[in-house]
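The stops below go from selection to selection.

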Amino acid sequence: MRMILVQSSLLSAVGYDPGEETMVVQFQNGRYYRYNGVPADVFVSVITDPDSQGKAFNSHIKAGVYPYKEVTAEEVGVSV
């Protein structure tokens with residue numbers, strides 16, 4: 001999965017697979033999490049938030065709506 005570097009104190013990089021509706025997030029601490037069932041418009045709203053991508057992530061993704069799992073970079077085939 002191709003990751004996009006972001007400017008955030010919470011997030012380091014994000015990626016998205018539209019076919020699977022899967023969002024992968026790398027946090028500033030280096031850990032990766034995969035969120036399932038994330039619609040494309042929600043992903044786009046997070047990465048294009050003009051104020052804070054981290055706050056948008058917390059509001060739209062981390063609020064508990066989408067099931068998630070910690071994964072390794074190798075598991076998701078991450079490349080930056």
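Select M23, V25, Y35, V38, F57 and I61 first: of the 17 residues in the largest nonpolar core, these touch the most other members. A nonpolar core here is a set of buried Ala, Val, Leu, Ile, Met, Phe, Trp, Tyr and Cys residues joined through side-chain atoms within 4.5 Å. Strand 2, strand 3, strand 4, helix 1 and helix 2 each give two or more residues to this core. Apart from it lies another core, of seven residues, including M3, V71, V76 and V78.

The model is predicted: local features need pLDDT of at least 70 and side-chain atom pairs pLDDT 80 or more, while totals for chains, interfaces and linings use all residues. Numbering starts from 1 along each chain as its sequence is written, and side-chain values use heavy atoms, without hydrogens and water.

Next, select helix 2, residues 53-60. Helices (H or I, at least four residues) and strands (E, at least two) are DSSP runs, numbered from the N terminus. Which residues of helix 2 are buried? Q53, G54, A56 and F57 are, buried meaning under 20% relative accessible area, exposed over 50% and partly exposed in between (1.4 Å probe, protein chains only). They lie on the same side of helix 2 because they cover an arc of only 165° around the axis, taken from the directions from the helix axis to the C-beta atoms. The face turned away from that side carries the exposed K55 and S59.

Finally, go to N36 in strand 4. N36 is partly exposed, at 32% relative accessible area. Leaving out residues up to four places away in sequence, N36 touches E21, T22, Y66 and P67, contact meaning heavy atoms within 4.5 Å.
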